[in-house]
Amino acid sequence: MSTSHAKKANEFVKLTDVVDRHDATFWSVRVKRDTMAHEVPEWENLREAASLIKKHTVTHLAGYLEKFAANAERNGVKVHWANDADEYNAIVLDILKDHGVKKVVKSKSMLTEECGLNDSLIAHGIDVVETDLGERILQLLGVPPSHIVMPAIHITREQVLECFRGHGIIQKHGQVAADSMHGDLKTLVEEADPTFLTRCARYHLRDNFMTADCGMTGANFGVADTGEVVVCTNEGNADMSTSIPPLHIVSMGIEKLVPDYESLAVFQRLLARNGTGQPTTVYTSHFRKPRPECEMHIVLVDNGRSDILGNEDHWQTLKCMRCGACMNTCPVYRRSGGYSYSYFIPGPIGVNLGMLRNSDAHYGNCSACSLCCSCDNVCPVKVDFSTQIYKWRQQLDGMHHADPMKKTMSEGMKVMFDHPAIYTTALRLAPVANVLPSWLTGVALGAWTYGHTMPKFAKKSFHQLWKEGLKDNKDE
Ligand code: SF4
């Protein structure tokens, strides 16, 4: 009766220390988010405004896209349109080939993950270097992100040290990093000192910034009024990626548009506060036109977004600005980890996006929800995640993905609740379960009873007690 998510989560929860650390880390981010939110008296008004602006923009997308593209071209930017992931990968590859690019430095972009860009470029002999520190660690380890904002949060510093050592980064940059801290290399390595590791990564990435032929960024926002894109980072890696190489390629999902600066200000006030509990991201970079004698390209990617827009039940996922708050607050995500989900984006938004992408591959994630609604309450643009997950569950049977045992049990419950006589008899017989051995009830109900003790049924039901109470009252 276990879903794919439950099976993987079952493996994760065995690592009790890891689970506790994961849970505590994300809960602390949620607490920081609450503190930030409470410091802004108009917070709820901002959320409402952000929700309405997104609704307005995605329901008038064609006009805003035309305006954005026209303004970007007027600024000297080359604009491309990609219908799907294959088209997007081909467009990027063509641009890179035209410029004889051998190495690309990239700042974090979930869109490139969605489209499998890195694999496509590497297959064509192009060296791709992620420059967000967490993403770079994951790239060197050969594993995917487990969170959209803090992609390597589950990796320990000892694992980072081993990874850097395995790729020769400590050997090449360790001494310079230690000298810059006036520290002893041997001690810093033994302690897997986080500052030391960060400095090693900095020197390693600088080598790559200096030798890359192209810088790629995503886009947190595209401003239709001006044709510019806005990229928010905490490490300045987007700025490094775009300041040195002569070619800048922006990958942007078509839902990232906002109409103008006034609406951008609303999102800017919400994004970092809601995502990481910071008043703002350390760097907020606006890219409007190419640097002198350089080129800037923007690739606008649909890849299923137009279909989502036409989906009455799930169009609201297009409002999402990928702050990650729904993951931080989700009790299921916090205690089951990012890798328990089959889609590359985990948590509440990932459950919904995975189903929209390929329901046959990702229906197993629909069980990863207790319907507590916490994600809805923290979402800065008021996406109704839990309602959407609830709707998916109702659709699973029609998709032939309903669990046969759950289905049988639900049908049995329906019969019971539709027939008071059966219900009353079942209640009378229920205490029999109290004397059954636990191994029998555990096996019979499988994952539903894992980690739980079967509750004792009362000898008399509430109905019986109630009736007896009425009788007693009458007798008085
Ligand atoms: S409603 Fe579901 S997905 Fe949302 S926070 Fe609660 S458990 Fe997580």
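**Strands, helices and ligand shell**

Colleague: Which residue is the bridge partner of V223 in β8?

Modeller: This is a predicted model. Strand β5 (residues 221-223) pairs with β8 in the parallel sense, over two bridges. In β8, V223 has as its bridge partner V258.

Colleague: In what order do the four strands of the open sheet with mixed pairing stand?

Modeller: The edge strands are β8 (257-258) and β9 (283-287), each of which pairs on one side only. The sheet is open and its pairing is mixed. The order of its four strands is β8-β5-β6-β9.

Colleague: Why is one side of β1 and of β3 left without a neighbour in the sheet?

Modeller: Six strands form an open sheet with parallel pairing, in the order β1-β10-β7-β4-β2-β3. β1 (78-82) and β3 (127-130) stand at its edges, so one side of each has no neighbour in the sheet. The reason is that each of the two has a single partner strand.

Colleague: What is the average twist from one strand to the next in that six-stranded sheet?

Modeller: The sheet in question is the open one running β1-β10-β7-β4-β2-β3. From one strand to the next, its twist averages 20°.

Colleague: Which residue of β7 is the bridge partner of T217?

Modeller: Strand β4 (residues 214-217) and strand β7 (residues 247-253) are paired in the parallel sense over four bridges. T217 has a bridge partner in β7, namely V250.

Colleague: At what angle do α10 and α12 pack?

Modeller: The two helices span residues 169-180 and residues 194-211, and their axes are 8 Å apart. Their crossing is right-handed. The packing angle of α10 and α12 is about 115°.

Colleague: How many charged residues does the contact of α10 with α12 have?

Modeller: On the α10 side the contact consists of I169, I170, H173, G174, V176, A177, A178 and S180, and on the α12 side of F196, R199, C200, Y203 and H204. Eight of the contact residues are nonpolar and four are polar. The number of charged residues is one.

Colleague: Is the crossing of α9 and α12 left-handed or right-handed?

Modeller: Helix α9 (residues 157-166) packs against α12 at about 35°, with the axes 10 Å apart. R157, V160, L161 and F164 of α9 make the contact with P194, L197 and C200 of α12. By class, that contact has six nonpolar, no polar and one charged residues. The crossing of α9 and α12 is left-handed.

Colleague: How many nonpolar residues does the shell around the ligand have?

Modeller: The ligand is surrounded by 14 residues, the closest being C330, C369, C372, C375 and S386. At least two residues of the shell are supplied by each of α17 (331-336), α20 (374-378) and α21 (385-395). The shell has four polar and no charged residues, and its number of nonpolar residues is 10.

Colleague: What distance separates the centres of domain 2 and domain 3?

Modeller: The domain assignment gives domain 1 as 4-28 + 311-395, domain 2 as 43-155 + 213-301 and domain 3 as 411-475. Taken over C-alpha atoms, the centres of domain 2 and domain 3 are separated by 56 Å.

Key:
Residues numbered from 1 in each chain as written. Predicted model: local features only at pLDDT ≥ 70, side-chain atom pairs only at ≥ 80, totals over all residues. Axes fitted to C-alpha atoms, helices over the stretch in contact; angles between N-to-C directions. Left-handed = near helix turned anticlockwise from the far one by under 90°. Contact = placed C-beta atoms within 7 Å. Nonpolar A, V, L, I, M, F, W, Y, C, P; charged D, E, K, R; others polar. Near = placed C-beta within 6 Å. Pairing = 2+ DSSP bridges. Domains from an automatic or database assignment.
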